[in-house]
Amino acid sequence: MMKYLRIKTLLCTVLFFLPAVLIAQDTNMNGLEQSVQDTVANVDEANIDILGPSTVQGAFRKVSREDLMGGISVVDVPSIMEKNYMTYSLENMQAFVGGFNGSLRGMGDYLVLVDGIPRDPGTINPAAIQQISFLKGISASVLYGSRASNGVIYITTQRGGEHELRINGRVDGGINIPKQYPNYLGSAEYMTLYNEALQNDGLSPLYSNETIYRHSTGNDPFRYPNVDYYSPQYLRDFTNRYHGNVEIAGGNQTARYFTNINFATSNSLLNFGEAENMRGNNFNIRSNVDFQLNEIITASVGAGVIYDEQNGVNTNYWGQAASLRPNRFTPLIPIDMFTDGNENLQQLVENSNYIINDRFLLGGNQLNSTNPIAGVYAGGTSQSVGRQFQFNTGLNIDLKGLLQGLEFQGQFGVDYQSSFNQAYNNEYAVYEPNWVAYNGNNQISSLNIFGQDAKTGVQNVNSSIFQQTLAFTGQFNYHRNIDEDHQVSGMLIANVHQLTYSGEYHRTGNLNLGLQFGYNYQKRYYLDFSAAVPHSAKLPEGNRRAFSPTATLGWKISEEDFMADVSAISSLKVYVSGGIVNTDMPIPGYHLYERSYSQASGSYFGWGDGNLRRGTQSFRGANPDLDYIKRKELNAGFDAIFFENSLAVDASFFYNRMNGGVIQASSLYPSYFSTGFPQNSFIPYVNYNIDQRSGIDFNVRLNEELGGVNWTLGLAGTYFDSKAVRRAENNRFDFQNRQGTPLDGIWGLESQGFFMSPEDIDNYDASQQFGTVQAGDIKYLDQNNDNLVNAQDQVFLGKAGWNGAPMEFGVHLTARWKDFTLFTLGTGQFGAYGMKNGDYYWVNGDDKYSAEVRGRWTEETRNTATYPRLTTQSGSNNYRTSRFWMYSTDRFDLQKVQLTYNLPNSVLQSSNIRDLQLYVTGANLLTISPNSDIMERNVGGNPQTRFFNLGIKANF
């Protein structure tokens, strides 16, 4: 069935893109002249790096770069791809855009539009992108309504031009090399320290000295195993990635087309069993066709088809590798170590479906009847399948017959995305050997069996997910020049998009009316008014519509007469903008304005007659006044170009408040509004919280020729601060209040080192309430002086940087010499902190021991210890958020180095190749930080890798 489905999908794809191919043939025969668009594309790369594209995609319209008045940053992707091979659409964009630090100005989730349709940026191949616009300011994004309250990233894909058929091809081959793996202790060291932990808890040792010694020698790894799940026995040194990309473009006055065909494949680090066949494949086709139907009507059609398949195995190898202790069992049982003539053992071999390499049975025990090694060999295979179809069409009508300067634009888009997992799930038996010594050699006398071998041959399909996106925009645009001094523009917009997710009853929608009016005088003084009227189904009747006004004032100072003699300044613009955007996106659900009751499942009320009856449970009270959350913002900035386009600088200051955050807060209501048992709440959701963010973002580009080398330097960055201006709190002490502290604060206990002795514990002024405390446990500060250390003593410890560190920046440097181009890019972040937690750091009970525990507290290491005493108990006193476990996330990363060589035109004259480019790339190369070992380590998942790539690009 799946085979026929793939064939049908492929045929539909071919039929859709066939018109582009036919047009390509017609255009090739016509041999039309190269268009002005292609001339622009061949402008010197250094000039593009400094000035950017001449036309910028803004909200529902394209704007000339010289008329752009802040709040928008743009990246010309083709010019970057000429020197910087990218595999993800937003890769390292913080080095090119001030204000982008994983979010836009620390606001959190932003709206991503691809050709005007809400889409995942990961579905767009970078080679198919023309430019990316970052709409950061409130006035730049307000026309998109409620869902754009945190900013918009608008990705514009490439389109065809009026020229003969052109084909560009790119082939890449690279390797990913793991940076590091988690560092766990071997069997002997683990058992020794586990005995120490038992002794700390007043318990007897579990492992004898002889057993520990035999594990340490490695002489008999099957009876005394020391399993390293990160060893070359199970993992490759690197993985391969191969990538091919073809672009087909051309057209004539009637039709212009662009098609991008992209394929990428990569394998897995696991190098044994079924995992040797693990591979991911991604096939992506995108095409745009533009039509000139007549003098006043133009139309466009765009589509993309994405096939993604990830072949895998039915086990979580990395997760289990981080938890299985090295001494518990041997993953493989050698058949040649069976006692001679043991018919029972031979019968087990004959009955097994899984004889590994003709030598081994699968190992395990009662506690580990499934394990990652056995799962890779015998657990069966799986395939994660993803399919996407993206379609959009547009129509432009010039209405100059009705009114000069008036036009209508309409766009419709529909996307379908589905994914599922299909697998053959096998059962398997594992064996635990019983050993005997015979003639000085260890042999297996019998086996304990856990589980059974079973292959149903049935393919299971699960985890089916479906998503649909519908989008429509209709707008009237007006643009008119009056007496050459006055330019007037306006837009009236209706915009709606709706996202449907499987398993979610209510669709995510955005219904919005937009209005824009612009005026400039002699391209010197600018005024823009933009407003939106959103509609929300999350709010009660009467509050579902709102008005979101914004305004921008701009002044192009360089056009003033008094600047005529200032030759150093080519262009200088200043602007200020502000406004209010109403949004319902942070509201955590639908119908929260209504009271909610349900039949109580575990709550009972007692009555006077002694009988118990099941009652009705209240979840919340009603609030018919629930309203939008309001983003109020002020921006001010400048954009300047100096020294004949050799230096460009832009910077923006921003200040905003999110007023009316929706919460359900008990501190705002009397205590009887909620009960413990039966658990009930009559507290409504209200607009209360206020969040504040402020900061600056900047972008500096410099181009200079020194010593025959053309140098281009770019520096972009963001510094921002946040504050919880208002919170519903009722704390006894001020230090407990979240109000007035950063939004992304880490809250925990202030550590004071270790308790050094029982006397130290007895003499400490406060009693710690997190369990029994011993010497070697962490000591905490009693903040409120009540002689108790508990949750009431938590304080603000630092910023977590969930939506970006306070200071983030990126820098890129390009050096061009003759036919060689060297490109380097780095990113940095400063001012945030992380928390060492999880089982790798918080080791208790029977957890696997990481190398972190080597610094444990003992009587001998009391003055140098970096880790609490070991315990087999919960460790509830030590393993909680405190300054002890904090680390700085300050870092600088060398993200990219690429050397490119363009073959001289003299070499290519006799061929059909217009340009030929060879390049070698290194990515994710180096992290400079005092805590780089923490930040480069992944625990329980695929490791971080360095990427080295060799590529060739040809234009025909």
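About 40 Å³ of space lies in the largest cavity, a cavity being a set of points on a 1 Å grid over the protein atoms alone where a 1.4 Å probe fits but cannot get out. The model is predicted, so that local features need pLDDT of at least 70 and side-chain atom pairs count only at pLDDT 80 or more, while totals for chains, interfaces and linings use all residues. Residues are numbered from 1 along each chain as its sequence is written, and side-chain values use heavy atoms, with hydrogens and water left out.

**Largest cavity**
- Its lining, made of residues with an atom within 4 Å of a point, includes Leu111, Tyr144, Ala471 and His497.
- The lining divides into six nonpolar, three polar and no charged residues, where Ala, Val, Leu, Ile, Met, Phe, Trp, Tyr, Cys and Pro count as nonpolar, Asp, Glu, Lys and Arg as charged, and the others, Gly among them, as polar.

**Salt bridges**
- The structure holds 29 salt bridges, each a side-chain nitrogen of Lys or Arg within 4 Å of a carboxyl oxygen of Asp or Glu.
- Aspartate 697 pairs with arginine 105, their closest N and O atoms being 2.8 Å apart, and this pair links distant parts of the chain, 592 residues apart.
- Both aspartate 697 and arginine 105 are buried, meaning under 20% relative accessible area, with exposed over 50% and partly exposed in between (1.4 Å probe, protein chains only).
- Lysine 179 and glutamate 936 form another salt bridge, with the closest N and O atoms 3.4 Å apart, and these two residues are buried as well.

Note on methods
On a 1 Å grid over the protein atoms alone, a cavity is a set of points where a 1.4 Å probe fits but cannot get out, and a pocket is an open set with protein on both sides within 12 Å along at least five of seven lines; lining residues have an atom within 4 Å of a point. Grid points are joined across faces, edges and corners, and a volume is the space filled by probe spheres set on the points. Helices (H or I, at least four residues) and strands (E, at least two) are DSSP runs, numbered from the N terminus.
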